[in-house]
Amino acid sequence: MKKSLILSIVMLGVLFTPKVLAQEGSLSLLATGKYFSVYGSRKLDVVSLLSKINFSYLGNVDSFFGKQKNDSYSLIAQAMDDLYLEVSDILDIHVYSFHGKISILPDQSSLSSVFSSYFGSSFPERSFYLHSKNTIYISYQDLTLGMLGHEMAHAVISHYFAVPPPAKVQEVLCGYVEYTLLKKAKNRIP
């Protein structure tokens, strides 16, 4: 029984790992900040990405002007670090030693493919956090400030507690972070 279980796990690894690696292997390291290494396509529109996460809300709009493309990748790292700290403040949970990954996939179909490779089922959502990989997977096409903040909240919560809280509790807390981010961002726009 034990041998067949181990064989099944190995076979699942053989069957699913190459597909995951192919999908994730097409992503390049774009930037590394204090809290996240960000992976995505080198063709990624940095300005559009920063706009999607409301870069000006994070207080960095002056940093953007005059940057070359390679420098603009550093702005992605800066924006992700700033958002991580904002999420931590909202939760009042600070894990300063945290460092995770963000994989920005082109669209929901690519995201569902990665999810299916890990869990064997399709996934209708636009982002998820995988604690065992310490990675946020998110669809670039659908990316928003609230969505990314929601997934960062999962990362913070999962690393703060010795045993991560149940999924429903995490969803309530992450929903609160998402709501608070959107409310604060809306109030800062003139």
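Asparagine 134 sits in the loop that links strand S4 (127-130) to strand S5 (135-139). Helices (H or I, at least four residues) and strands (E, at least two) are DSSP runs, numbered from the N terminus. The model is predicted: local features need pLDDT of at least 70, side-chain atom pairs count only at pLDDT 80 or more, and totals for chains, interfaces and linings use all residues. Residues are numbered from 1 along each chain as its sequence is written, and side-chain values use heavy atoms, leaving out hydrogens and water.

S4 and S5 form a hairpin with four residues between them, and asparagine 134 in the turn has a positive phi of about 50°. The two strands pair in the antiparallel sense over four bridges; pairing requires that DSSP finds at least two bridges between two strands. Phenylalanine 128 has tyrosine 137 of S5 as its bridge partner.

## Buried and exposed residues

Buried means under 20% relative accessible area, exposed over 50%, and partly exposed in between (1.4 Å probe, protein chains only). Asparagine 134 counts as buried because its relative accessibility is 16%. Aspartate 92, in the loop between helix H4 (69-91) and strand S3 (100-105), counts as exposed because its relative accessibility is 62%. Aspartate 92 also has a positive phi, about 55°, although it is not a glycine.

In a regular strand the side chains alternate between the two faces of the sheet. In S4, Ser127 and Tyr129 point one way, Phe128 and Leu130 point the other way, and all are buried.

## The nonpolar cores

A nonpolar core is a set of buried Ala, Val, Leu, Ile, Met, Phe, Trp, Tyr and Cys residues joined through side-chain atoms within 4.5 Å. The largest one has 44 residues, and those with the most contacts inside it are Phe36, Met80, Val87, Ile102, Leu148 and Met152. H4 gives the largest share of this core, 11 residues. A second, separate core of nine residues includes Leu27, Leu105, Leu111 and Phe115.

Contact means heavy atoms within 4.5 Å. Not counting residues up to four places away in sequence, phenylalanine 36 touches residues including Met80, Tyr84, Ile102, Ile136 and Met152.

## Helix H7

H7 has 22 residues and reaches 31 Å from its first C-alpha to its last, close to the expected 32 Å. The expected span is 1.5 Å times one less than the number of residues.

Gln170, Cys174, Val177, Thr180, Leu181 and Ala185 of H7 are buried. Seen down the axis of H7, its buried residues fall within an arc of 125°, so they line one face of the helix. This arc is that of the directions from the helix axis to the C-beta atoms. On the other side of H7, Lys168, Val172, Tyr179, Lys186 and Asn187 are exposed.
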